[in-house]
Number of protein chains: 2
Amino acid sequence: MERRTVAARIHDLDQALTAAGRRAARGLLGNYPLLGLAPVAEFAAAAGVSAATIVRFVAQLGFRSYPDFQRALREELEERSKSPLQRGASAPETEGDAAFLAAFLMRSARTLNETAAHIPAGEFETVCRRLSEPKRQCYLAGGRFTDFLAGYLEAHLRLVRPGIRRLDGRPATSADQLIDVRPGDIAVLFDVRRYDPALLETARTLARRKAHIVLITDAWLSPISRHARYCLPCRTETGRTWDANTALLALAEAIIARVTELSWETAKGRIGALEGD
Amino acid sequence: MERRTVAARIHDLDQALTAAGRRAARGLLGNYPLLGLAPVAEFAAAAGVSAATIVRFVAQLGFRSYPDFQRALREELEERSKSPLQRGASAPETEGDAAFLAAFLMRSARTLNETAAHIPAGEFETVCRRLSEPKRQCYLAGGRFTDFLAGYLEAHLRLVRPGIRRLDGRPATSADQLIDVRPGDIAVLFDVRRYDPALLETARTLARRKAHIVLITDAWLSPISRHARYCLPCRTETGRTWDANTALLALAEAIIARVTELSWETAKGRIGALEGD
DNA sequence: CAACTTCTGTAATAGGTGTTGCATAAAACC
DNA sequence: GGTTTTATGCAACACCTATTACAGAAGTTG
C-alpha cells in the first residue's frame with residue numbers, strides 16, 4: 001500500500017471527480033478523517049449522497065474496499081499521533097520548544113480577541129460603509145513591514161469595487177499620485193511602530209486635501225493618528241524580537257468580508273467575471 | 001448515554017476487570033483510541049485475547065454493542081479536535097452588524113487554535129531548524145493571494161540570515177531563478193485554494209533538483225503536497241466569500257520568531273546593523 | 001432535438017461482522 | 001484435593017454492512 005495520505009489522494013483526483021464524488025470529498029475533508037471511520041451509510045448521509053457513491057469514491061481513491069480505506073485512515077491517524085510523541089524521545093532538550101508553535105498561536109489568537117475588545121464596533125462599521133460607497137476613490141498605503149497588508153487589501157477590494165488605488169511608499173512618487181485626491185475620498189493607511197516618516201508625510205498631504213484617513217496601527221498609535229478620521233488600533237505585542245502583524249491582517253480580512261457583504265450587488269458580478277466560474 | 005470518556009470508564013472499572021479484560025483495556029489505552037475503531041478481530045489480536053472477550057469488555061463499559069462503542073469513540077475524537085477552540089466561545093453569536101467585527105475576529109482566533117492542533121510540533125520544529133542552517137540557500141514563493149506572505153517572510157528572514165531568495169511567480173522567469181538550486185536547499189511555498197498552477201510547476205522543478213520543499217497551505221492541501229517534504233496545513237474557513245489567510249500569517253510569524261531564536265548568534269549582529277540602532 | 005454517454009440512486013446480493021451458546025480451563029473456596 | 005464458581009476461547013448463528021447490477025436521470029455531442 002502506498003504511503004500517501006488519503007487527503008493527498010483526494011487532491012490528486014480533484015479534477016477527475018464527479019459532482020457527487022466531490023461532495024463526498026468535501027464531506028470527508030470537512031470532518032477529516034473521522035467521517036471516513038463511520039459506516040458507509042453514515043458517511044453517505046453526512047455528505048448528502050448515496051452509499052453507492054461513497055463506495056465508488058473510495059474505489060477511485062485506489063482502495064480495494066471500504067474497510068481497506070478505513071484501515072488506511074487509522075494508520076494515518078496513528079502516524080500523526082506518534083509524531084508529536086517523538087519530540088520527547090528524540091530531543092529531550094527541546095521540551096520547551098515542543099509547545100512553541102501552540103503557545104505562539106494561542107498568544108496570537110489572544111491578541112485577536114484583545115483587538116476586538118479595543119475597537120469600537122461602530123467605528124469599524126462606519127469605515128466599512130464608507131469603503132462601500134463606490135463613488136469615493138479609495139487609496140491604500142503601508143509602511144515598511146505593513147505595505148504587504150495594503151497590497152492584500154488592495155487585491156481583494158479591487159474585486160469588490162472600482163476606484164481602488166495603491167500608493168507607492170516613496171514620497172517623491174506619492175506626491176504625483178495624490179494630485180487627483182478629492183475631498184471625501186478615503187485612504188486606508190497601515191502604520192506600526194518604527195513608524196514610517198514617509199507615510200506620515202503622505203498622510204499630511206491627504207489630510208490637506210480633505211481625504212478621510214482610516215488608520216490601522218498598533219496600540220501605541222502612529223503619529224498619523226492626529227490626521228486620521230478613523231483609527232483602528234490592533235494588538236501586536238509578542239514579548240519577542242518582532243511584533244506580530246497577525247491582528248492587522250485579521251482586521252483587514254474583516255474589512256474585506258464586511259465590505260463584500262455591503263457591496264454584494266456590485267461585487268457579485270465583478271467577482272464572477274474575474275474569478276471565472 | 002453518558003458523556004464520560006471511554007478512557008474514564010475504563011479507569012472506573014479497573015479493579016472489576018478480569019485478567020483478559022485487563023489485557024483488552026491495556027491494549028486500547030496503549031493505542032487510544034484507534035484500536036477501538038478497528039474491527040473486533042483486529043482489536044482482539046492486538047490485545048492478545050479472543051474476539052468474544054472484546055465484546056464482553058465493551059459491554060462491561062456500558063455500551064449496548066460494539067458499533068455503539070465505536071460511535072462513542074468517534075464522537076470523543078471529534079470533541080477533542082474541537083476543544084482547543086471552545087475556550088473563547090462565550091460571546092453571543094449575534095450575527096447582527098454590531099458584533100460583526102468581534103464575531104469575525106473570534107472566529108479567526110479559533111482558526112489559529114485549530115491550526116495549532118493540526119500541525120505536528122515536531123514538523124514545525126524541524127522546519128525551523130532547517131531554516132536556521134545558514135549554509136542552505138532558502139527560496140520563497142507564493143500564489144496569487146499568498147505571495148505577500150512570501151514577501152513578508154522574506155523581509156524578516158533577510159534580517160536574520162543570509163541566502164534568502166524570493167522567487168518571482170511567473171514561470172518563465174522562475175526557471176532562470178532556479179538554475180542555482182542545489183540538493184538540500186530549502187524552499188518555502190505558500191499555496192491556498194485556487195491553487196496556482198505556475199507555483200506547482202515551480203515546485204516540480206524544485207523537487208527535481210532535490211530541494212526540500214516546505215509547503216504552507218490550507219486544510220485541503222495544495223497539489224504541491226505531493227512534492228513537499230514538510231507540509232504545514234492551516235485553517236482558512238470563514239464560511240464567507242473569501243477564505244482567511246490570518247492563520248498562514250500567524251504561522252509565518254511563528255516561524256520568524258523561532259528561526260530568530262535559533263539563529264540568534266548570527267541574527268543579532270545583522271538586525272543591529274540593518275535596523276541601524 | 002435526438003442519440004448517446006455518463007452519472008447517480010435504488011434495491012437485491014454476498015460477504016463479513018459482531019454476537020452468543022457451549023465446552024473447557026482456570027481460579028476460588030470449602 | 002475435590003467441588004463450585006468464574007472466566008475464556010471456539011464455533012455456529014444472525015444480523016448488518018459493503019457491494020454491485022440495473023434502471024432512471026442528467027448532461028453531452030452531433
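Strand E1 (residues 138-142) of chain A runs parallel to E3(A), joined by five bridges. Strands are DSSP runs of E, at least two residues, and helices are runs of H or I, at least four, numbered from the N terminus. Two strands pair if DSSP finds at least two bridges between them.

This is a predicted model: local features need pLDDT of at least 70, side-chain atom pairs count only at pLDDT 80 or more, and totals for chains, interfaces and linings use all residues. Residues are numbered from 1 along each chain as its sequence is written.

E3(A) also pairs with strand E4 (residues 212-218) of chain A, again parallel, over six bridges.

| Residue | Bridge partner |
|---|---|
| A:Gly142 | A:Phe190 in E3(A) |
| A:Val188 | A:Val214 in E4(A) |

Six of the six residues of E3(A) (residues 186-191) are buried, so the strand is largely enclosed by the rest of the structure. Buried means under 20% relative accessible area (1.4 Å probe, protein chains only). One side carries A:Ile186, A:Val188 and A:Phe190; the other carries A:Ala187, A:Leu189 and A:Asp191.

Now the interface. Chain B gives 69 residues to the contact and chain A gives 70, with contact meaning heavy atoms within 4.5 Å. The two chains bury about 6200 Å², 64% of it on carbon and sulfur atoms. That area is the accessible area (1.4 Å probe) lost on being put together, summed over both.

Four salt bridges cross the interface. Each is a side-chain nitrogen of Lys or Arg within 4 Å of a carboxyl oxygen of Asp or Glu. A:Glu42 and B:Arg74 form a salt bridge at 3.2 Å, N to O.

Methods: Chains lettered and ligands numbered in written order. Heavy atoms only, no water. Buried < 20%, exposed > 50% of the residue type's maximum accessible area, 1.4 Å probe, protein only.
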